[in-house]
Amino acid sequence: MDGAQLGSRACSTEVQGLGSMRSAPIRLAAPTLGEPEERAVLDVLRSGWLTNGPVVQEFEKRYAELSLWRHAVATSSATAAARLVFDYLVGAGELRRLVVPDLTFCGPAIQALHAGVDVLVTDIDPATLMLDRWAAPAEGEWLMPTDYAGRPSRLSGPKVIFDSAAFHGPFLKRRGYAAITSFYANKVVTCAEGGMLLTDDPELAAYARRARLHGIAIDAHGRDAKSSGGLLYDVEVLGQKSNLTDVAAAIGLAQLARLPELLRRRQELADEYARNLPAGAVPAGGEPGRGSNYIMPVLLGSPAERDATVAALRRAGIGVSLHYPPLTTLTALKGRIAAEPTPVTHDVAGRMVSLPMHGGLTRENVREICATIARALEP
Ligand SMILES: Cc1ncc(COP(=O)(O)O)c(C=O)c1O
């Protein structure tokens, strides 16, 4: 979990806003759910088939079509999807070192370490806040750029695995080996918990389909259909237990049906922020219109200004977070990862704050948030 949801809940119920009395805090993140999602879940519950079934298959098919990758394999999380890619490449003798940016979520890097892969942490481009450039990868070296804030990274090549956890469109054809995405509760498209592995490599896809269910040769749905034949199944690879449920996939499918609306709403909010933020608070990473506006990160002039801004927003009952505490600051990773100097990441992480961004936010909320920041920055 990246703390975004937790941050969004930590407020009192009656809050003094700017000139108006709000009855509730402004959450940092919140899912946009309604009748379509409720109906879809009920249908699955009443069908009697809860997991590894036809709804998961439909979700995979739809996501592959939309995202323009040939194969989509649903998993219990983006982190689990990353682990499947790493295990496959390690098993094939291809992956020994993974290069990741310092400004990213820790899940994939932790899984790389569990898979026996060396992790090299590198700095970000100050303009995009991403790992956007790298010389040709050495033998055994693969790159995992993060699509920061839901914007597609510009890195491409046969040894690129995109951490697309937060990127849900507008989709474009990407040149890389694979991508992982997340449907965690705070994401643009959610199914509470879930992920997807995307690739054009049929062998990786076939491996992942097995390895997400212990390594058993056919999934539960397929096994049931064939059960009149043999009772035996084989375990061909040492897998995980990281499959998705049909209940979750049903939520995901309903969300995909309204993806254009979800993206449009976030774009409107990003535009409202751009119009109202005071001069001392700048949208971080530029180009907020490029991608899915998963979060609204803003850079302040100094760590002191950031801390004052965070304190003022919290006092006003407005959820905040940081995407992300740099990997090089995380205790469990120290001594386990190699790191190049990452001054840009540390400068940015010291001056940045993520502001509320979700479909339930109103334009007035955005204006109130911006006015609160302006007051915090007054000399
Ligand atoms: C960049 C990034 N990578 C990976 C993840 C992990 O996703 P999941 O919770 O589905 O494993 C997140 C989740 O917030 C993320 O932001």
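In strand 12, A339 stands opposite V121. The model is predicted. Work through the exercises with it open.

**Exercise 1. Find which strands pair with strand 5, and in which sense.**

Solution. 
- Step 1. Start with strand 12 (residues 338-339). Strand 5 pairs with strand 12 in the parallel sense, over 2 bridges.
- Step 2. Now take strand 4 (residues 97-101). Strand 4 and strand 5 are also paired in the parallel sense, with 5 bridges.
- Step 3. Look at V121 again. V121 in strand 5 is the bridge partner of V100.
- Step 4. Trace the chain between the two strands. Strand 4, helix 5 (residues 107-114) and strand 5 form a β-α-β unit, and the unit is right-handed.

**Exercise 2. Sort the residues of strand 5 (residues 118-122) into a covered and an uncovered face.**

Solution. 
- Step 1. Recall the general rule: side chains in a regular strand alternate between the two faces of the sheet.
- Step 2. Apply the rule. V119 and V121 make up the covered face.
- Step 3. D118, L120 and T122 make up the uncovered face.

**Exercise 3. Give the strand order of the open sheet of 3 strands, and name its edge strands.**

Solution. 
- Step 1. The order is 10-11-13, and the pairing is antiparallel.
- Step 2. Strand 10 (282-283) and strand 13 (352-355) are the edges, since each pairs on one side only.
- Step 3. Check one pairing. Strand 10 and strand 11 (residues 296-299) run antiparallel and are joined by 2 bridges. V282 has L299 of strand 11 as its bridge partner.

**Exercise 4. Describe the contact between domain 1 and domain 2.**

Solution. 
- Step 1. The C-alpha centres of the two domains are 27 Å apart.
- Step 2. Domain 1 puts 36 residues into the contact, and domain 2 puts in 37 residues.
- Step 3. On the domain 1 side, helix 11 (343-351) is one of the elements supplying at least two residues. Its share is the largest, at 5 residues.
- Step 4. Sort that side by class: 22 nonpolar, 9 polar and 5 charged residues.

Definitions and conventions:
Residues numbered from 1 in each chain as written. Predicted model: local features only at pLDDT ≥ 70, side-chain atom pairs only at ≥ 80, totals over all residues. Buried ≥ 20, exposed ≤ 12 C-beta atoms within 10 Å, placed from the backbone. Helix = DSSP H or I, 4+ residues; strand = E, 2+ residues; numbered from the N terminus. Pairing = 2+ DSSP bridges. Right-handed = clockwise from strand over helix to strand, strands pointing away. Domains from an automatic or database assignment. Contact = placed C-beta atoms within 7 Å. Nonpolar A, V, L, I, M, F, W, Y, C, P; charged D, E, K, R; others polar.
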